[in-house]
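Trainee: I have a structure open on my screen and would like to go through it with you. Could we talk it over piece by piece?

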Amino acid sequence: MHEMALMGDILQLIEKDARSRNMEKIEKVELIVGDLSNALPDALEMAFTIFRARGLALLSEQSELVIKKEAARAKCTVCGFEYNPDARLSICPKCSLPSGILTAGETFKVQSYEGS
Ligand SMILES: [Zn+2]
């Protein structure tokens, strides 16, 4: 489960930033996770719960994780048609060429966090 490592990295970065701002606790972490980003929201939630239970990275029982999903989108480089692909490489539903390039859905980032 690489989400455990991912979440560990995220929390470490946030903790460092929070400490540099003299914060003592982290109340909320907001992530954006693309449908094709290789990270599973459920596994991220579980990892967060484990870190929170251990009280790591300035987390407490009240700390909350919010995951915003980003839908996958692709645009055909031949005909310009935009659609929702189900994989990184996809066939354009309009012209049937394998010419779709992803325009969204691979994002994996920390949108924001709140602390005090
Ligand atoms: Zn096309």
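Trainee: Is Leu44 buried or exposed?

Mentor: Leu44 is buried, since its relative accessible area is 0%, and the residue sits in helix α2. Keep in mind as we go that this is a predicted model.

Trainee: And what is Leu44 in contact with, leaving aside its neighbours within four places in sequence?

Mentor: Once those neighbours are set aside, Leu44 is in contact with Glu3, Met7, Leu31, Val33, Ala39, Leu65, Ile67 and Phe108. Take Met7 from that list: it is 37 residues away from Leu44 along the chain, yet the two C-alpha atoms are separated by 6.5 Å.

Trainee: How much of the contact in the chain joins residues at least 24 apart?

Mentor: If you count contacts between residues at least 6 apart in sequence, 68% of them join residues at least 24 apart.

Trainee: OK, changing topic: what holds the zinc ion, I mean which protein donors?

Mentor: The donors are the SG atoms of Cys76, Cys79, Cys92 and Cys95, lying 2.3 Å from the zinc ion. The angles among these four donor atoms run from 105 to 120°, and the site is tetrahedral. Along the chain the donors follow the spacing C-x2-C-x12-C-x2-C.

Trainee: Why do Cys79 and Cys95 count as partly exposed?

Mentor: Cys79 counts as partly exposed because its relative accessibility is 37%, and Cys95 falls in that class because its value is 26%. The class covers what lies between under 20%, which is buried, and over 50%, which is exposed.

Trainee: You mentioned β3, β4 and β5, so in what order do they form a sheet?

Mentor: The three strands form an open sheet in the order β4-β3-β5, with antiparallel pairing. The edge strands are β4 and β5, each of which pairs on one side only. Between β3 and β4 the antiparallel pairing runs over two bridges, and Ala74 has Tyr83 in β4 as its bridge partner.

Trainee: What about the backbone, which phi value does Asn38 have?

Mentor: Phi of Asn38 is near 80°, a positive value in a residue other than glycine. Most residues other than glycine have a negative phi. Asn38 lies in the loop between β1 (26–34) and α2 (41–53), where it is exposed, with a relative accessible area of 56%. Leu58 also has a positive phi, of about 65°, although it is not a glycine.

Trainee: Where is Leu58 found, and is it buried or exposed?

Mentor: Leu58 is in the loop between α2 and β2 (59–70), and it counts as buried because its relative accessibility is 13%.

Trainee: Last one, what does the chain look like as a whole, how many helices and strands?

Mentor: There are two helices and six strands, which follow the pattern α-β-α-β-β-β-β-β along the sequence. The radius of gyration of the chain is 18 Å, whereas a compact globule of 116 residues would have one near 13 Å, and the C-alpha trace spans about 55 × 25 × 20 Å along its principal axes. Of the 116 residues, 34% count as buried. The chain exposes about 7100 Å², with carbon and sulfur atoms supplying 50% of that area.

Key:
Residues numbered from 1 in each chain as written. Predicted model: local features only at pLDDT ≥ 70, side-chain atom pairs only at ≥ 80, totals over all residues. Heavy atoms only, no water. Donors = N, O, S within 2.8 Å, 3.2 Å for Na, K, Ca; no water. Tetrahedral: all angles 85-135°; square planar, octahedral: opposite > 155°, others 65-115°. Buried < 20%, exposed > 50% of the residue type's maximum accessible area, 1.4 Å probe, protein only. Helix = DSSP H or I, 4+ residues; strand = E, 2+ residues; numbered from the N terminus. Rg over C-alpha atoms; globule rule 2.2 N^0.38 Å. Contact = heavy atoms within 4.5 Å. Areas by Shrake-Rupley, 256 points an atom, 1.4 Å probe, with all protein chains shown as cover. Pairing = 2+ DSSP bridges.
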